[in-house]
Amino acid sequence: MKPSGDKASGFQWLLLISVFIVATCGLIYELVAGTLASYLLGDSVTQFSTIIGTYLFAMGIGSYLSRFMKNHLLSWFISIELLVGMVGGFSAGILFVVFEQVVYFRVILYTLVILTGTLVGLELPLLMRILKDRIEFSDLVSRIFTFDYIGALFASLLFPLLFIPYLGLLRTSFFFGFLNVVVAWIVAYRFQYEIRSYSRLKWSAIVCLLFLAAGFIASEKLTAFAESLTYPDKVVYAKSSPYQRIVLTKSQMDWRLFLNGNLQFSSADEYRYHEALIHPGLSRLNHPEKVLVLGGGDGMAVREILKYPTLKSITLVDLDKAMTDLFQSNTTLTRLNSNSLASGKVKVINTDAFVWIRESKEHFDFIVVDFPDPSNYSLGKLYTVSFYRELQRLLNTTGCLVVQSTSPYVACKSFWIVDETLKYTGLYTEPYHCYVPSFGEWGFVMASKKPLVNNYHFPNGLRFLNEETARQMKVFPPDMIVRGSPHNTLNNQVLVNTFEKEWAYYTR
């Protein structure tokens with residue numbers, strides 16, 4: 001017999017709100033796993049695709065297994081909520097800690113994804129069976145899926161906008177694990193006279209809540225511990241922005257910046273990289289006045305550009321405000337970049353460079369493309385024919401641009417794909433390379449609408465570059481040359497696939 005009146009209504013709404021929370025938590029665990037995998041393993045498209053596919057498959061397994069739960073459905077639902085909260089809540093912390101400690105990290109990652117997905121897949125079928133005698137079938141289906149989809153929307157919007165910027169991955173994971181357990185405790189309390197083993201479930205929920213609360217409170221220490229295992233030097237700064245994990249380490253010898261675990265510079269030798277990036281091109285221009293820097297949020301490239309007195313303006317476009325803010329406010333880092341981002345000639349714009357250049361009507365004498373390597377498709381779009389054609393439109397006739405182009409030794413094919421892609425747009429190219437101890441051989445490709453004259457006018461005070469080293473950088477030994485490379489396009493990003501294979505072979 002169906003309950004009637006306020007009691008039945010309260011029962012229905014409590015469980016429907018549970019559906020909303022369950023859906024929100026379930027999608028959050030999926031997003032946390034995908035984001036964490038992309039942070040630690042790179043190639044965000046592959047990681048999200050495989051994580052989501054595995055998670056949905058596991059939910060299907062959970063839905064199938066729910067048929068074997070015949071009696072005491074409320075007890076089963078509460079127990080599963082407790083398990084989901086603990087497994088989902090602690091998954092990010094576990095993965096952070098074990099990443100550098102175990103060989104088969106992916107086995108642990110996908111085991112946790114399958115376990116979480118299976119448990120989440122059990123929840124909705126159980127709730128539908130619990131409610132089927134209390135709500136008409138047509139209303140039951142519409143309400144369940146309405147709350148489920150609203151919960152998914154809530155999670156997908158707030159995850160990148162609120163939770164990751166302000167809580168970070170670990171705290172987000174613990175927070176939603178806590179929510180799952182709260183749902184279990186409330187349902188157990190509300191229906192304590194209708195379920196078996198209420199006392200056991202109640203105390204289990206309390207213990208789970210205490211563990212998850214402790215994890216939430218200690219998440220920064222847990223992250224610091226995990227990163228102390230990952231990075232050999234002392235971690236002095238770590239922050240998750242909406243776009244990446246920023247980590248700064250310090251040793252007796254140097255400071256090092258890592259983005260998503262990848263080294264960006266060492267203070268001991270970054271001058272080699274940045275002098276090679278800027279001066280072979282900028283020193284050959286006649287009275288350059290306007291410069292565009294894409295990426296380079298650390299301000300090191302801008303520091304080198306400011307050594308030219310004829311410059312009137314430098315526009316820096318970097319997606320991540322957390323990066324540019326850090327290198328404008330941290331005293332140690334402003335000493336490294338000579339406080340370049342505070343110069344009156346510099347305008348900092350935090351936006352997507354791909355969007356910005358399409359909308360810009362300005363023209364520049366010199367353009368610097370200092371993006372991270374094309375390790376995933378979101379970065380790969382910044383190395384395509386479409387992107388370079390837009391840069392060509394912004395470049396003055398007598399100007400030039402330069403692109404950091406990964407290692408021509410480790411990723412030889414990738415390097416020459418960048419060169420070929422620039423050539424495909426109709427630009428003249430000058431590939432060159434230099435040795436940076438922290439990275440090894442590193443490559444750059446300069447491009448211009450007209451061939452540049454080899455007439456260098458280097459500013460004073462350079463530590464690495466002079467006319468002799470500039471000439472040597474254009475010489476490539478046979479093991480760093482590949483002929484007949486394809487060009488990279490938006491709809492066929494051969495560069496990303498090639499880059500991934502080459503670096504995977506080198507680092508295996």
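Helices (H or I, at least four residues) and strands (E, at least two) are taken here as DSSP runs, numbered from the N terminus. With that settled, threonine 489 turns up in the loop between α17 (467–472) and α18 (494–507). The model is a predicted one, so local features need pLDDT of at least 70 and side-chain atom pairs count only at pLDDT 80 or more, while totals for chains, interfaces and linings use all residues. Residues are numbered from 1 along each chain as its sequence is written, and side-chain values use heavy atoms, with hydrogens and water left out.

A polar atom of the threonine 489 side chain lies 3.2 Å from the backbone nitrogen of asparagine 492. Leaving aside neighbours within four places in sequence, threonine 489 is also in contact (heavy atoms within 4.5 Å) with Thr384 and Val385.

Now for the sheet. Seen strand by strand, the open sheet of 7 strands reads β7-β6-β5-β8-β9-β11-β10, and its pairing is mixed; two strands pair if DSSP finds at least two bridges between them. β7 (346–349) and β10 (428–436) stand at the edges with a single partner strand each, so one side of each has no neighbour in the sheet. On average, neighbouring strands of this sheet are turned by 15° against each other, direction ignored (axes are lines fitted to C-alpha atoms, for helices over the stretch in contact, and angles run from 0 to 180 degrees between N-to-C directions). Strands of a sheet pair through backbone hydrogen bonds, either parallel or antiparallel.

What about β8? Strand β8 (residues 364–370) pairs with strand β9 (residues 395–404) in the parallel sense over 5 bridges, and phenylalanine 364 stands opposite leucine 395 in β9. Helix α15 (residues 385–394) packs on the sheet, touching β5 (290–295), β8 and β9, and its direction makes about 145° with that of β9. β5 and β8 run parallel too, joined by 5 bridges, with valine 293 opposite valine 368 in β8. Of the 7 residues of β8, 7 are buried (under 20% relative accessible area, with exposed over 50% and partly exposed in between, using a 1.4 Å probe and protein chains only), so β8 is largely enclosed by the rest of the structure.

Buried residues of α16 include Phe415, Trp416 and Ile417. After α16 comes glycine 426, with a positive phi near 100°.

How values were computed. Polar contact = N/O pair within 3.5 Å; in protein donor to acceptor, adjacent residues only side chain to side chain.
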